[in-house]
Amino acid sequence: MSDSKALHLVIRRLADWSLWSFFTEVRVIGGENVPQDGPIIVAATHHNMMIDPAILSSSFPHRRIMHYWSKASLFANPVLSWVLHSSGNIPVDRKSKDRRVLFRGTFETLARGDAVALFPEGTSYTEPRIMQVKDGAAWAALEYTKWAAENGVKGSGVQIIPAAIVYTNKSKYRSSVIMKFGEPLSMDGYKEQFFSDLEGAPRAAVKSLTRAIERELVEATINAPDWDTLYSARMARDLLWEDERSIDLEEFVTISQTLVDLFSTTDATPNFSTVRRHLLGYYSLLQSTHLTNSVLSSLPLPPTLSPSHPAPLPSRLLTLSVLIRDTLAALIRLPFFLFPLLLHAPVYIMGRIGARLVEHEEETQAQNKAVFGLLSCMMIYPATFWALWAMLWYTSTGAIVAAFTVWAFAYYHNKLINDIYMNLKRVIAAWRVLVGVWAPRRWELSLSALSQYTTPLVPPENPWIDKNRPNSNPDTLSGTPSSLPPQVTDEPPVKNARRRRPPSRRIMKHLLRARGEAVKALAEFLTTLEASGDGKNVNASIHLAKRFGWVEENSSTSSSDNVGDGEALPDANGYRQAREVIAFLRVRGAKIATLDRKIEGDWVLSSDEEGTAGESEKGEDEEDVVWVPSSTGLKQEAD
């Protein structure tokens with residue numbers, strides 16, 4: 001039975017509120033793999049700083065209390081020791097070379113039947129794949145198993161529960177989270193070797209268990225050989241699912257990994273390089289303009305929007321008046337929402353400031369947004385309560401009314417923010433597009449000036465990641481061969497300067513052109529793959545190849561530290577049929593057919609129209625047609 005963890009419960013409640021406000025949804029998959037009681041070690045991925053333990057503690061099945069490792073020296077102070085213990089921390093003496101001393105607090109926690117949570121990657125980082133999984137979780141589990149056997153500890157043995165935490169966009173407000181728990185790893189298959197007196201046997205057992213943990217984590221996450229492949233797959237996913245909320249979160253990782261595998265097949269089609277170049281160019285321009293394909297694709301962009309299309313002045317004024325009307329409607333669609341929005345304005349401002357403090361650390365931005373926002377709420381809500389209570393003469397009834405009003409504002413704001421937030425983004429994007437396409441051609445960025453915005457930004461390397469570790473190579477685990485040259489796969493250690501957002505009037509036409517080119521290139525790419533016949537195969541991660549394709553294996557003997565003496569390390573490649581991959585994507589909602597239709601805004605591809613507006617001739621019987629963005633058009637996604 002767990003000891004009272006009062007402070008942990010308070011912190012978890014605050015995490016519940018913060019995560020509920022920041023993310024749209026936290027989807028838990030595989031919760032049935034987590035036992036309701038008994039000793040477990042949760043080995044979780046760690047790509048989003050404090051957000052990861054907050055999600056793990058807040059959404060863990062059965063609401064079991066998580067215990068995290070902390071430096072033993074912090075427990076020397078009695079007051080701080082109580083705070084740490086009450087919040088669910090256990091001491092770890094990292095200076096000790098005796099693992100029994102190192103894991104003493106862990107043993108005591110597991111012996112009570114509690115849960116210990118670890119992050120075996122060792123640090124939080126932003127990379128296109130899982131880079132390293134260290135041996136700490138395996139050592140702790142096997143050392144406890146041996147200690148429990150020697151001390152006659154009764155009850156079930158410890159199990160390791162792999163937990164993959166995946167974000168649809170880990171630094172973006174109102175994105176979603178998938179937390180998937182894998183099958184429990186029992187110590188039965190490892191303890192005999194670990195208990196052996198043979199030299200090197202315990203370490204070999206630990207390495208074997210670590211590889212099993214890493215394999216489970218890799219299979220439940222998205223892993224690409226390099227940034228270009230990951231960005232290409234993301235852009236293709238956004239084009240195939242224009243509504244970013246239309247992908248079933250249960251399938252998000254599988255769909256994303258399928259696209260990563262597809263874009264790691266460099267010989268998939270003759271035009272592969274061209275397709276990837278167009279996808280990366282569009283992705284980078286979206287990144288530079290702080291827009292999304294979901295928002296852009298929801299805007300009506302008919303040819304009549306072109307300044308070369310003849311339209312009388314009253315029609316242009318009508319267009320502007322309707323856009324102004326829709327702007328006001330988006331801001332005050334619900335009169336009751338305006339005050340909660342103003343009330344929470346400091347929260348958004350502080351969150352934005354917090355993110356800018358760590359603009360080069362994507363894994364820290366969500367943490368700062370959430371923490372700064374939470375601290376702002378903790379000041380705003382009490383201040384609002386006291387102000388309302390003062391207006392009600394500090395009566396007991398007034399206190400109840402004030403408290404209920406503050407709660408109602410917070411709840412109402414959070415329930416409606418998705419719709420309001422998306423509509424506001426569409427209205428802002430509509431204005432930016434209007435300014436961009438109506439601006440004179442001479443205002444456009446030159447191709448040389450544009451080049452800085454057509455290469456995606458790559459996050460700087462984390463100095464705590466050892467890329468030379470054998471575990472950091474995903475090929476032997478995921479089965480996706482890296483067919484790219486080493487200079488592309490191994491990113492140079494750079495620290496990118498903050499890229500200023502270019503003015504809409506100078507880049508919007510380039511963005512619309514890039515969108516049209518990316519859509520056409522992707523449509524041609526997928527059509528060519530589908531028409532290639534049953535003989536065309538593409539790369540697949542091992543776990544996906546086992547489900548949807550096949551695996552070709554060759555055994556080789558490795559003498560690395562990660563493999564025991566004489567142990568065979570499978571050198572395997574996974575494959576799937578190209579047609580099967582296209583069918584797989586279609587069944588899961590990919591709008592492949594719509595890529596072939598004439599997309600709105602593709603008139604920009606052939607617009608060399610500056611100064612040609614007066615050259616177009618209009619028939620006598622042709623009606624004046626203008627772009628009129630209705631409020632319905634601004635809030636509906638394109639099909």
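## Helix α5 and its surroundings

Glycine 113, which follows α5, has a positive phi near 85 degrees. Helices here are DSSP runs of H or I with at least four residues and strands are runs of E with at least two, both numbered from the N terminus. The model is a predicted one, in which local features need pLDDT of at least 70 and side-chain atom pairs count only at pLDDT 80 or more, while totals for chains, interfaces and linings use all residues. Residue numbers start from 1 along each chain as its sequence is written, and side-chain values rest on heavy atoms, with hydrogens and water left out.

Helix α5 spans residues 104-111, and its buried residues are Gly105, Thr106, Phe107, Thr109 and Leu110. Buried denotes under 20% relative accessible area, exposed over 50%, and partly exposed the range in between (1.4 Å probe, protein chains only). The buried residues of α5 pack against β2 (40-44), β3, β4, α4 (99-102), β5 (115-118) and α6 (136-150).

Strands β3 (residues 66-71) and β4 (residues 89-92) run parallel and are joined by four bridges; two strands pair if DSSP finds at least two bridges between them. Lysine 71 has valine 92 in β4 as its bridge partner.

Together with helix α3 (residues 78-86), β3 and β4 make a right-handed β-α-β unit. Right-handed means that, with the strands pointing away from the viewer, the path from the first strand over the helix to the second runs clockwise.

## Nonpolar cores

A nonpolar core is a set of buried Ala, Val, Leu, Ile, Met, Phe, Trp, Tyr and Cys residues joined through side-chain atoms within 4.5 Å. The largest has 66 residues, of which Leu240, Phe263, Tyr282, Leu522, Phe525, Leu526 and Leu585 touch the most other members. At least two residues of this core come from each of α9 (227-240), α10 (252-262), α11 (272-289), α12 (293-297), α17, α21 (504-530) and α23 (578-587). The most is given by α21, with 13 residues.

Neighbours within four places in sequence aside, leucine 522 is in contact (heavy atoms within 4.5 Å) with Ala236, Leu239, Leu240, Phe263, Val275 and Leu595. Another core, of 36 residues, lies apart from the largest one and has Met131, Val133, Met187 and Phe194 among its members.

Arginine 174, in the loop between β6 (159-167) and β7 (176-181), has a positive phi near 65 degrees although it is not a glycine. Its relative accessibility of 12% makes arginine 174 buried.

Tryptophan 393, likewise not a glycine, has a positive phi of about 65 degrees and is found in the loop between α16 (362-391) and α17 (396-438). Tryptophan 393 counts as exposed, at 74% relative accessibility.
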